[in-house]
Amino acid sequence: MSQLFDAGPPGCPLAGVVDVYLPRLAEFAFEPGLVAAVDQHAAAVRTSLAADGTGLIPRQLRREDLADYVLGFTDVLAEADWREPVGYDFAALRLTAVCWLVREHDLLG
């Protein structure tokens with residue numbers, strides 16, 4: 001498991017992602033472009049987790065599925081020795097989108 005986000009229940013990186021990226025959601029009020037970018041990343045994550053893998057048959061977003069996605073994504077980031085930038089890159093936008101999905105779907109509630 002990636003050590004990038006190891007807070008929360010064992011094997012569940014979502015709490016760690018929320019801890020790091022929830023404050024970035026406050027930037028939505030000042031950055032309309034950020035809202036659009038995060039929305040696109042959230043849609044891409046939802047599509048990748050769709051029941052048929054094409055995004056054509058949506059299903060309820062489950063914490064376990066999103067956690068598995070984040071584990072794979074952060075493992076790749078760790079292998080690439082990714083470091084969180086001051087601004088936003090692809091990875092930071094994707095993790096911010098995961099945080100938004102967790103919040104909107106109350107996946108840690």
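This is a short tour of a predicted model, stop by stop.

Residues are numbered from 1 along each chain as its sequence is written. Local features need pLDDT of at least 70 and side-chain atom pairs 80 or more, while totals for chains, interfaces and linings use all residues, and side-chain values use heavy atoms, without hydrogens or water.

**Colour by confidence.** The mean pLDDT (the predictor's confidence in each residue, from 0 to 100) is 85 for the protein, and 83% of its residues reach 70 or more. Now select residues 1-8: pLDDT is below 50 there. Where pLDDT is low, the predicted coordinates should not be read in detail.

Centre on Val 98 next: leaving out residues up to four places away in sequence, Val 98 touches Leu 14, Val 17, Leu 66, Tyr 69 and Val 70.

**Show the charged pairs.** There are five salt bridges (a side-chain nitrogen of Lys or Arg within 4 Å of a carboxyl oxygen of Asp or Glu) by this rule. Pick Arg 62 and Asp 65, whose side chains meet at 2.9 Å, N to O. Arg 62 is partly exposed at 41%, whereas Asp 65 is buried at 11%. Finish at Arg 83 and Asp 81, a salt bridge with closest N and O atoms 2.7 Å apart; here Arg 83 is exposed at 58% and Asp 81 partly exposed at 49%.

Definitions and conventions:
Contact means heavy atoms within 4.5 Å. Buried means under 20% relative accessible area, exposed over 50%, partly exposed in between (1.4 Å probe, protein chains only).
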